[in-house]
Amino acid sequence: MFDNLSAFRILILAIVCLPFMCGASRAEDGYDLWLRYPAMERGEARQYKAAAKRIVVPAAQSETLELAVRELERGLAGMLDAAPSVASDAKRGGNLWLVSGDAALPQGAGIDMAALGPEGYAIRSVDGGTVIAANSDIGVLYGAFHFLRLMQTRENVTGLDITEIPSVDVRIINHWDNLDRTVERGYSGASIWDWHKLPDYLDPRYEDYARALASIGINGVSLTNVNADAMALTPAYLEKAAALAGVFRPYGVKIYQTARFSAPMEIGGLDTADPLDPEVRAWWKAKADEIYELIPDFGGFLVKANSEGQPGPQDYGRNHADGANMLADALAPHGGIVMWRAFVYSEHNPEDRAKQAYAQFVPLDGKFRDNVLVQVKNGPIDFQPREPFHPMFGAMPKTPLMMEFQITKEYLGFATHLVYLGAYYEEVLSADTYAQGEGSTVAKIVDGSLQDIELTGVAGVGNAGSDRNWSGSHFDQANWYAFGRLAWDLDADSKDIAEDWARMTFANDDAFVRPVVAMMMESREAVVDYMTPLGLTHLMATGHHYGPGPWVCDLARPEWNPCYYHKADEEGIGFDRTASGSNAVAQYEAPLAEIYGDVETTPENLLLWFHHLPWDYEMKSGRTLWDELVMRYTEGVAEVHEMRETWEGLEGYIDQERYDQIVAFLKIQEKEAQWWRDASIAYFQSVSGRPLPDGVAPPPHDLDYYKAISHPYAPGH
Ligand code: GCV
């Protein structure tokens with residue numbers, strides 16, 4: 001009787017359980033990222049089953065090629081419930097050929113291998129199957145991930161003619177991880193690197209991380225914080241780094257290290273770190289030699305110098321090129337590079353902070369060695385919810401400029417706010433610098449094509465930590481993913497990337513994917529609206545940057561005060577960067593300088609970045625600036641409310657665990673968007689003295705209430 005009842009229950013469950021719900025029932029914690037490979041429904045699987053039954057690999061197998069095969073086996077077994085056979089003998093027949101280097105292509109493949117370069121690949125349908133071909137094994141691995149992605153996102157795998165070549169050479173994650181495992185601006189647990197147990201214990205997570213990086217074409221990681229610790233360059237720590245390099249190597253990921261400029265003094269016993277001092281130069285040369293002994297494919301150094309208290313060449317009256325070139329000379333014999341950051345500004349410089357990096361670096365154009373990349377943040381201040389692109393892009397035609405994006409969301413609500421950064425990255429990359437006339441996009445500067453630059457790169461300040469879901473939240477995985485895809489292809493469409501990610505990470509049902517992608521694409525504007533609308537910037541609380549602090553005006557460093565940025569008073573608000581103000585507009589090429597210099601032509605989303613305007617300035621909507629500001633803050637909250645409602649309508653499409661955590665985080669985001677809105681309006685109203693527009697709810701508390709909120713233990717600081 002009991003057995004019959006159980007069988008009856010199972011039957012009922014099978015009848016009522018909608019396919020997507022059955023698939024969604026397995027608990028997931030996010031560890032598998034976008035590489036989950038869940039089983040397809042039988043109907044879906046049919047068209048793919050024939051596509052990859054028999055894999056033919058080159059006879060000489062490298063570790064990297066083995067990884068490509070293993071990945072295909074894993075993906076196909078997962079999605080199709082049938083592992084392919086693998087043979088190295090082409091004569092035995094196959095239908096998925098992996099071709100690396102000089103190995104023969106199957107009949108009719110007709111691939112121009114020379115055009116693929118060292119890391120590119122082609123995926124081409126040929127008679128009887130598909131070929132994935134590259135000049136290098138890593139290219140084949142990238143191609144294998146791409147082929148699996150086509151299946152994961154239910155694309156056709158017949159009639160393929162795909163050629164992929166990365167836009168830039170160096171596609172790197174910058175870890176801001178400290179040796180004690182804290183992470184500067186990290187919101188996903190402790191550092192992924194367990195320095196204490198290295199080099200003897202290799203956490204399996206390292207390899208999983210390398211695999212995830214390779215799946216999106218990332219080929220470098222700098223291991224430690226740019227606020228660097230010289231100890232990272234001591235023999236003991238270099239040995240640890242070498243152990244990591246061993247794990248990353250087969251995945252095509254090179255190790256880089258941050259170099260503290262004063263290391264020759266701190267760990268080398270010298271009494272200077274002057275870059276023109278022969279002893280200092282010899283010390284760095286010996287250090288580079290020592291590193292390459294241990295890590296023959298070491299990528300090079302990432303350096304933050306003379307910025308926010310870090311030591312640098314200016315301490316000795318030298319300039320950034322002197323500092324970068326000294327390190328470049330030490331690395332050059334080994335093929336290493338220097339990524340020298342342009343994130344510099346000083347509290348002793350009364351000039352507009354937004355202008356300082358340009359002023360220091362542009363005169364040095366052409367003075368850097370060939371193996372130096374100057375790494376420039378996307379905007380002139382610091383990863384704010386919205387900034388214009390950095391005016392250095394386009395202004396140094398003889399210097400490789402590397403893009404630095406932030407993946408971890410220091411100024412965008414940390415891990416609990418859903419903000420899809422793909423849209424942000426695309427906005428920056430597609431911005432027109434006009435450096436050589438119309439169409440001179442930032443992407444064309446970064447990929448070197450506009451100014452004929454050889455060495456190219458893109459960096460992202462990473463968000464992977466030791467949290468089970470890697471990124472602190474499920475949706476923050478999308479930012480890591482989008483960074484990788486856009487670094488590979490600077491012209492890629494962030495919406496397409498969001499769609500791929502949502503399909504691979506969550507579910508393929510269009511009824512789920514469509515609203516999720518729409519929500520991701522809108523999320524960037526939402527955060528701008530509830531934090532820093534209309535071109536406002538840097539209004540976050542002091543230090544940890546968690547929550548609003550527009551009232552902070554008295555910090556010792558003037559350019560760390562939100563008041564420095566918004567300049568609100570009884571009359572109006574905004575930073576005058578026109579000729580009548582700091583004239584930062586002049587750092588942009590014509591016609592941008594004129595466009596940003598004129599209030600009528602400045603895009604409204606950057607209005608208060610470039611202009612100080614009276615509260616009753618009339619906006620395009622017909623509202624006064626004051627009313628518009630209040631409306632934007634209010635809309636920002638409404639947008640998050642909508643995002644939460646959208647997500648809550650999608651229960652059942654994915655596993656309950658991830659679904660529930662996302663609901664909880666969206667509730668946090670809504671609560672905090674409201675906090676941002678109320679606190680900001682309370683403050684700006686105290687300055688403007690204006691009434692709220694009709695029908696707009698006043699903040700529920702007075703300004704003192706918001707000012708008293710304190711979070712000394714907010715993470716990441
Ligand atoms: C690593 C901002 C951050 C700092 C960071 C710095 C940088 O100022 O708040 O934590 O330091 O940028 O990019 O160097």
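Helices (H or I, at least four residues) and strands (E, at least two) are DSSP runs, numbered from the N terminus. Good morning; with that definition in place, let us turn to the structure. The model is a predicted one, in which local features need pLDDT of at least 70 and side-chain atom pairs count only at pLDDT 80 or more, while totals for chains, interfaces and linings use all residues. Residues are numbered from 1 along each chain as its sequence is written, and side-chain values use heavy atoms, with hydrogens and water left out.

I begin with the barrel. Here 8 strands close up in the order 7-8-9-10-11-12-13-14, with parallel pairing; two strands pair if DSSP finds at least two bridges between them. From one strand to the next, the twist averages 25 degrees. Angles of this kind run from 0 to 180 degrees between N-to-C directions, and axes are lines fitted to C-alpha atoms, for helices over the stretch in contact. As one example of the pairing, strand 9 (residues 254–258) and strand 10 (residues 300–303) are joined in the parallel sense by 3 bridges. Tyr256 has Gly300 of strand 10 as its bridge partner.

Next, a pair of strands that run antiparallel: strand 4 (residues 121–126) and strand 6 are joined by 4 bridges. Opposite Ala122 stands Thr163 of strand 6.

Now to the backbone. Most residues other than glycine have a negative phi, and most peptide bonds are trans. Arg185 has a positive phi of about 60 degrees although it is not a glycine. Arg185 is found in the loop between strand 7 and helix 6, and is buried at a relative accessible area of 8%. Phe414 likewise has a positive phi of about 60 degrees without being a glycine. Phe414 belongs to the loop between strand 13 (401–406) and helix 12 (422–429), and is buried, its relative accessible area being 5%.

Where are the cis peptide bonds that I wish to show? One runs from Leu198 to Pro199, with omega near 0 degrees; Pro199 is placed in the loop between strand 7 (170–174) and helix 6 (204–215). Another runs from Ala590 to Pro591, again with omega near 0 degrees, and Pro591 is in the loop between strand 15 (572–573) and helix 18 (592–597).

The model has 1 disulfide, a term for a pair of cysteine sulfur atoms within 2.5 Å. Cys553 and Cys563 form it, with their sulfur atoms 1.8 Å apart. Cys553 lies in the loop between helix 16 (510–531) and helix 17 (562–566), and Cys563 in helix 17, so the pair ties together parts that are 10 residues apart in sequence. Cys553 is partly exposed, at 43% relative accessible area, while Cys563 counts as buried at 15%.

Finally, two helices. The axes of helix 20 (residues 625–648) and helix 21 (residues 656–688) come within 9 Å and cross at roughly 170 degrees. Helix 20 is therefore roughly antiparallel to helix 21; angles under 35 degrees count as roughly parallel, over 145 as roughly antiparallel, 65 to 115 as roughly perpendicular and the rest as oblique. The residues of this contact divide into 16 nonpolar, 7 polar and 5 charged. Ala, Val, Leu, Ile, Met, Phe, Trp, Tyr, Cys and Pro count as nonpolar, Asp, Glu, Lys and Arg as charged, and the others, Gly among them, as polar. Thank you.

Definitions and conventions. Buried < 20%, exposed > 50% of the residue type's maximum accessible area, 1.4 Å probe, protein only.
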